[in-house]
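Have the viewer ready, and follow the residue numbers as you go.

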Amino acid sequence: MDGAGPRPGTVRRAGPVPPHPFTRRGGGNWPFLVPLLASLLIWVYGPAAATVVLSFLRWNLTSGPPAFAGLANYRALFADPNFLPAAGQTLLYAAGVIPLGIALPLWLAIALWKRPGRAAFVYRCLLFTPMMLAPVATAISWQFALNPLQGVLHALCAAVGLPTPDILGDPGTALWGLGVITAGKVIALNVLLFGAALAAVDPRTVEAARLDGATEGQVTRRVVVPQLRRTVVLLTMLAAVYAGQWSFTNISVLTQGGPANSTDNVYYLIYVYGFDYFDTGRAAAASVLVAGALGVPLALGGLLRRRRDART
């Protein structure tokens, strides 16, 4: 029996695994991160650092080489009568987009999740359609629809004998009208993201709640939604960040910041500084302030959430 192989049922112990040829001393697959890190350096961190440097320079793009200006660009921003109102209106965009961009997609995603099938797939495709359309084409379509003289809204109001409101021409309604238009894109994306998050919900908990006599509303509120808490928080933060950015195209096409600067936001104002006035330094300073105003609360919120999760 000396030359025989191992007995049936015995487990052969594997030898040491040789290090991967692309690792250093078997310490990790760090070389595979080099393309990603290089891309981040070239396309993210490099431009961010250049923007910070430009914010301390006086450079008009048409008047010679840049010159050091210190904090002059930041002082010019706060002296500009349009900057702080535009910052406040950016918060109003977020306040208008977040309720529509979170609550409605959550309800739609749960409704489609509870009724799986071919019809749900078709509805998801239809709801995601606004994300696939060109932003400028979408804005022009809204411009025609809301035209108070010959648009779709005018035809509907004329059919029922009501006066046609000039939503985009009235300073009291223009900002909220743009907020609703922007929310359509946020809704389309968040329905898809909530649908992906619902794939991780345990269906056994839903069936157990139904067997215990819970209504569909109670199942949604007490079983499904609590399991989506982290997704709701994440998408709320993203909606707050993207509300102002995604409204840029609508502002540029539909109102150009008017009427009476009532639809300005900081992103459109940065464009005006950089490409209308060619004031690169002030545009960079505004970009740095916006990045700080968004990045610091998000970073603090992430740290607090991580500590809370570690405690639980």
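The notes below cover salt bridges and a helix pair.

This is a predicted model, in which local features need pLDDT of at least 70, side-chain atom pairs count only at pLDDT 80 or more, and totals for chains, interfaces and linings use all residues. Residues are numbered from 1 along each chain as its sequence is written, and side-chain values use heavy atoms, with hydrogens and water left out.

**Salt bridges**

- A search of the whole structure finds six salt bridges (a side-chain nitrogen of Lys or Arg within 4 Å of a carboxyl oxygen of Asp or Glu).
- One of them joins Arg282 and Asp80, at 3.5 Å from N to O.
- This pair links distant parts of the chain, 202 residues apart, with Arg282 in helix H12 (residues 280-311) and Asp80 in the loop between helices H2 (72-79) and H3 (83-114); helices are DSSP runs of H or I with at least four residues, numbered from the N terminus.
- Arg282 is buried at 16% relative accessibility, and Asp80 is buried at 13% (buried means under 20% relative accessible area, exposed over 50%, partly exposed in between, with a 1.4 Å probe and protein chains only).
- Glu207 and Arg210 form another salt bridge, at 3.1 Å from N to O, and both lie in helix H8 (residues 203-211), three residues apart.

**Helix packing**

- Helix H4 (residues 118-132) and helix H7 (residues 174-198) pack at about 125°, with their axes 8 Å apart; axes are lines fitted to C-alpha atoms over the stretch in contact, and angles run from 0 to 180 degrees between N-to-C directions.

Key. Helices (H or I, at least four residues) and strands (E, at least two) are DSSP runs, numbered from the N terminus.
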